[in-house]
Amino acid sequence: MSTLQHTSLAEVEQIYTRLQRTFKDGTTRPIAYRRKQLLQLARMFQENAAAIEQAEYTDLGKPKQEVAIAETSGVIESALFAAEHLEEWSRPEKVQVEEWRSSWDTTVYKTPKGVALIISPWNYPFILTFNPLVGAIAAGCPTVLKPSEVVPTCAALIASLVPKYLDSEAYAVVNGAVTETTALLDKPWGHIFFTGGGKIGKIIATKAAQTLTPVTLELGGKSPVVIDEDCDLQLAARRILYGKTQNSGQLCVSPDHVYVPRHLVADFKEAVKVAYSTFFPSETALHPNSHWGNIVNPSHHSRVKGLLDRTLGEILVGGQVDGAKRIAPTVVTGVKPDDSLMEEEIFGPILPILEVENLDETIKLISNGSSPLVIYAFTNNEETKEKLLNRTTSGSLVFNDTTIQLAVHEMPFGGHGESGYGAYYDKNSFDTFTHKRSSINVPAAAEAMFGARYRPYSEEKYAL
Ligand code: NAD
């Protein structure tokens, strides 16, 4: 693994000054400029897809199919979509006002918030850096990108590609860890967009409060899966296992654990075994032909392995551990709510199954925890859907599939409660980086209506 060259603190200062100047110049405001940068971003991904796949393989052992589907094509699509809709999104809006003010000019202008800062995590290093950037470019914000130092090959590639494709006066990469990020956070920004864990999210929000910088926090959490009586268990097992095995479980919307009604547990276990054997026909998922990626580094590996070592549940499938790199997808049954696997977001390829009496018990268990990024439920029953909608909270609620919300980019994507605040994708991204600036022009003719507001005050004017 390569060593990442950190940006010097002197250079951080220069970048900040340069981007502030660019913002004040108005360079990033014309629609034609923004469109060009968005098209350049799409081109950057089209022309460098192979290098991006290779970098992710080096840092994460991620199969190239997963990079192509989940990252490269996602960024290209959202950049092109924004380029196409930019004009419509940024159009000033005439606001309908009360009759007596109707002759005034009351317009809301969509103005860029200022220079933006995007801080991203290691698990999907490209899409989680560049999809927010699409929103920032579309809104007209110059932007500093701070990729994760945990994936040094990807972070170095980002730093080398950005200046080749985007305007360096407006878009820059700062590489580094806590020191460099803290230097960035000492400064005021138009907006900070952070994706990562809740612990660091609190640091970001606290620092941002000192400069009154608005923040979006895209965090994680334990996203549960609910199995209802009225569902196709084979389909559910297949779709849950699909979601859990993306990037070896290192996905913010990975199905974290599954609640299954007691009388369905035996059938669900069988369904999981069938799905597992079709996904991993070799004896073990760690077989070289299995296209099975790494846990990002030894410290994360030992954290995930530690959760597995301490579980009191029983391994249904998987369980193999390979040095300090890989852990096979592992389904654990008979897990209790106080088990090691329920202590924190697993963020690895372990899927605990918890037995429950019924839906009410599941809802109680979910509601006792913090608000997850997503709740998945496999059900065809409308009453079950209603109950989940009305008696739980979460960033999203997805029925009969997992992780698919990432592809439905027309809808806002974001957390709730401890899984974060703010949302993005398509126009929601544009809105995140946009200030709605109300502009009012009051014509001289309005003076006739203002008699009562001017001094001297009198009882007659008060009565008007
Ligand atoms: P992280 O919070 O450790 O790091 C994210 C970023 O914060 C990195 O760029 C890192 O350099 C920076 N950082 C680390 N320590 C810092 C500090 N003390 N001060 C300032 N910045 C600091 O997150 P991670 O481990 O890279 O990612 C995993 C977490 O991210 C999981 O909880 C996952 O659920 C969450 N996540 C959420 C989403 C989402 O869209 N909601 C997407 C991916 C990951």
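Modeller: Let's start with α2, which passes α5 in a left-handed crossing (the near helix is turned anticlockwise from the far one by less than a right angle; clockwise would be right-handed). Helices here are DSSP runs of H or I with at least four residues, strands are runs of E with at least two, and both are numbered from the N terminus. Keep in mind that this is a predicted model, where local features need pLDDT of at least 70 and side-chain atom pairs count only at pLDDT 80 or more, while totals for chains, interfaces and linings use all residues. Residue numbers run from 1 along each chain as its sequence is written.

So, the geometry of that pair. Helix α2 covers residues 31-47 and helix α5 covers 127-139; their axes are 9 Å apart and the packing angle is about 165°. (Axes are lines fitted to C-alpha atoms, for helices over the stretch in contact, with angles from 0 to 180 degrees between N-to-C directions.) The two helices are therefore roughly antiparallel to each other, a label for angles over 145 degrees, with under 35 roughly parallel, 65 to 115 roughly perpendicular and the rest oblique. From α2, the contact takes in Arg34, Gln37, Leu38 and Leu41, which meet Phe130, Val134, Ile137 and Ala138 of α5 (contact means C-beta atoms, placed from the backbone, within 7 Å). Sorted by class, that set holds six nonpolar residues, one polar and one charged. (Ala, Val, Leu, Ile, Met, Phe, Trp, Tyr, Cys and Pro count as nonpolar, Asp, Glu, Lys and Arg as charged, and the others, Gly among them, as polar.)

α2 has another partner, helix α4 (residues 64-90): the axes come within 8 Å and cross at roughly 170°. That makes α2 roughly antiparallel to α4. On the α2 side, the contact uses Ile31, Arg34, Arg35, Leu38, Leu39, Leu41, Ala42, Phe45 and Gln46, while α4 brings a list that includes Thr72, Val75, Ile76, Ala79, Leu80 and Ser90. By class, this contact has 13 nonpolar, three polar and three charged residues.

Now let's zoom out. The chain is divided into domain 1 (9-220 + 424-435) and domain 2 (224-369 + 374-411), with bounds from an automatic or database domain assignment. The C-alpha centres of the two domains lie 31 Å apart. Where they touch, 12 residues of domain 1 are in contact with 15 residues of domain 2, and the domain 1 side is made up of five nonpolar, four polar and three charged residues.

The ligand brings both domains into the picture, as domain 1 and domain 2 each give at least three residues to the shell around it. There are 28 residues around the ligand, and Pro121, Gly196, Ile200, Gly220 and Cys252 come nearest (the cut-off is a C-beta atom, placed from the backbone, within 6 Å). Helices α7 (178-185) and α8 (198-210) each supply at least two residues of that shell, and the largest share, three residues, comes from α7. By class, the shell has 13 nonpolar, 11 polar and four charged residues.

Leu359, Ile363 and Ser367 of α12 meet Thr384, Lys387 and Arg391 of α13. That contact splits into two nonpolar, two polar and two charged residues.

Terms used:
Contact = placed C-beta atoms within 7 Å.
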